[in-house]
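Please look through the model below with the following notes beside you. They go from the terms to the overall form and then to two single residues.

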Amino acid sequence: MTKVEFKYLEVGKIFVVGNKNLKVKYEKNLCQGCYFEELIMYCKDFTDYELIPACNRKDHSVVFAEVKK
Ligand SMILES: [Zn+2]
């Protein structure tokens, strides 16, 4: 997967961060209900370090939800 493909990972896709599986979900309110909601001040940093995809996108926003293993 390229940097850009990861950054704009599609809704419904699952990625791994640390020991968590997280799924990309459509959400019109930026960061609302996101797994990282309490860390929203850092989500751009996480994205810049390529740890998570971008949540704030041109046409919509997404959040990340934990998928139980
Ligand atoms: Zn966010």
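1. Helices (H or I, at least four residues) and strands (E, at least two) are DSSP runs, numbered from the N terminus. This is a predicted model, in which local features need pLDDT of at least 70 and side-chain atom pairs count only at pLDDT 80 or more, while totals for chains, interfaces and linings use all residues. Residues are numbered from 1 along each chain as its sequence is written.

2. The protein holds two helices and three strands, and from the N terminus on these elements follow the order α-β-β-α-β.

3. Taken along the principal axes, the C-alpha atoms fill a box of roughly 30 × 25 × 20 Å. The radius of gyration (taken over C-alpha atoms, with a globule rule of 2.2 Å times the number of residues to the power 0.38) is 11 Å, which agrees with the value near 11 Å for a compact globule of 69 residues.

4. Cys31 is placed in the loop between strand S2 (20-26) and helix H2 (43-48), and its phi is near 70°, a positive value in a residue other than glycine. A residue is buried if 20 or more other C-beta atoms, placed from the backbone, lie within 10 Å of its own, exposed if 12 or fewer, and partly exposed in between; Cys31 is buried because 20 other C-beta atoms lie within 10 Å.

5. Glu50, in the loop between H2 and strand S3 (62-67), has a phi near 60°, again positive in a residue other than glycine. Glu50 is exposed, because 10 other C-beta atoms lie within 10 Å.

6. Buried residues make up 17% of the 69 residues in the protein.
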